[in-house]
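Here are some friendly notes to read alongside the model.

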Amino acid sequence: MNNEILELKQRFEDELAKIDDLQELENIRVNYLGKKGLVTDLLKRMSTLSAEERKTFGQKVNELKGIVGDRIVSRTAELRDMAIKQEIERMKEFDLSVPADLGRGSYHPVTLIQRQCENVFRSMGFTIEDYSEIVTDYECFEAVNIPKDHPARDMQDTFYLNNGQLLKSHTSAAQNAILRKYGKSLENGVPIKAIFPGRCFRNEATDACHENTFFQMEGIMVDKDISISNLIYFMKAMLSEVFQKDIKVRLRPGFFPFVEPGFELDISCLICGGEGCPSCKHSGWLELCPCGMIHPEVLRMGGIDPEKYTGFAFGLGLTRLVMMKYGIKDIRDLNSGSLKAMSQFTDDE
Ligand code: DAH
């Protein structure tokens, strides 16, 4: 008799250990404690026993009944807990309101490089100017010596607004305003030294190296006796600082209506090491920074006497510089809005 109880207890424990579902647990409860259950059966058998046997047997069966009941209650609680946890896990997969686990925030790579350039130029005494993205035709073209119908306008497929204004197609659009803003200080012997980074827009067909929205950083310096050597010095200082090494550059003659003489400053392509790749149009060089000596007409339109003062200007391709620095092969990645891609860059200052 006693053995029968022990065997039943063992069988119950074995069955209980195998299940992981509340429905199966309910089946077990019915199978053991239900009206026709195994434990209930044992209790029913008591009537057939002698008074002496009934006492000890009854005690043992009731003990078993208690144990089975307790174990079912505690297992029910465990399984409910597990089910809730599973449900929470499942909901996590679909709950769009749960913030993405992106860890620490980060700056866009263009912001990082822009700040780096700003710091270098600030340390060399330049002021940093901000300028509007919507400008007039005069600011963007006429004031930089590109009159209406000048063929140079074709180089910049411009987005015009209905009111005649336009999205600035180059940061040179701020030159006139800055020359006017600081022109007076020249009389007091203070040179104009300013950089003005900004977003530019052109109606470009996009590919790995062209975008309709990109960043430039323009710089000007005007004073008595400013020459091309000043220009080369500042550009080399800035690039060496950004890349933390001496950068190979070359100057080619280039035509821009607002500079005379004008140059293209190229740096060797850091992606392919100068061998040629889609990012450098297979030339090994990247046009990074057109520049030159500010055209006397541009100075005059900015209220500055070109007989007294000269200056240089450059239009750094900030977006290009970012691609070079970080080895980004496709310019379109920068405007992709992909946090996964764009949050990989950190300020290594
Ligand atoms: N604004 C010109 C462009 O986007 C670039 C440029 C060329 C700027 C020569 C300059 C410069 O300041 O001197 O095409």
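Is Lys148 buried or exposed? Lys148 is exposed, with a relative accessible area of 51%, where exposed means over 50%, buried under 20% and partly exposed in between (1.4 Å probe, protein chains only).

1. A word on the basis. This is a predicted model, in which local features need pLDDT of at least 70 and side-chain atom pairs count only at pLDDT 80 or more, while totals for chains, interfaces and linings use all residues. Residues are numbered from 1 along each chain as its sequence is written, and side-chain values use heavy atoms, with hydrogens and water left out.

2. Back to Lys148. Its side chain forms a salt bridge with Glu142, the closest N and O atoms being 2.8 Å apart; a salt bridge here is a side-chain nitrogen of Lys or Arg within 4 Å of a carboxyl oxygen of Asp or Glu. Salt bridges with shared partners tie Asp137, Glu142, Lys148 and Arg153 into one network. Glu142 is partly exposed, at 27%.

3. Other charged pairs. The structure holds 15 salt bridges. One of them joins Glu4 and Arg45 (2.5 Å, N to O). This pair links distant parts of the chain, 41 residues apart: Glu4 is in helix α1 (residues 2-18) and Arg45 in the loop between α3 (38-44) and α4 (51-94). Helices (H or I, at least four residues) and strands (E, at least two) are DSSP runs, numbered from the N terminus. Glu26 and Arg29 also form a salt bridge, at 3.0 Å; because they are three residues apart in helix α2 (residues 22-33), about one helical turn separates them.

4. Strand β4. Nine of the 10 residues in β4 (residues 192-201) are buried. Strand β4 runs antiparallel to β5 (residues 213-223), with 10 bridges between them, and pairs in the parallel sense with β1 (residues 127-128) over two bridges. Strands count as paired if DSSP finds at least two bridges between them.

5. The largest nonpolar core. Such a core is a set of buried Ala, Val, Leu, Ile, Met, Phe, Trp, Tyr and Cys residues joined through side-chain atoms within 4.5 Å. The largest has 45 residues, of which Phe314, Leu316 and Leu321 touch the most other members. Helix α8 gives the most to this core, with seven residues.

6. Cysteines. There are zero disulfides in the structure, a disulfide being a pair of cysteine sulfur atoms within 2.5 Å. For Cys291, the nearest cysteine sulfur is that of Cys289, 5.1 Å away. Cys291 is buried, at 2% relative accessibility.
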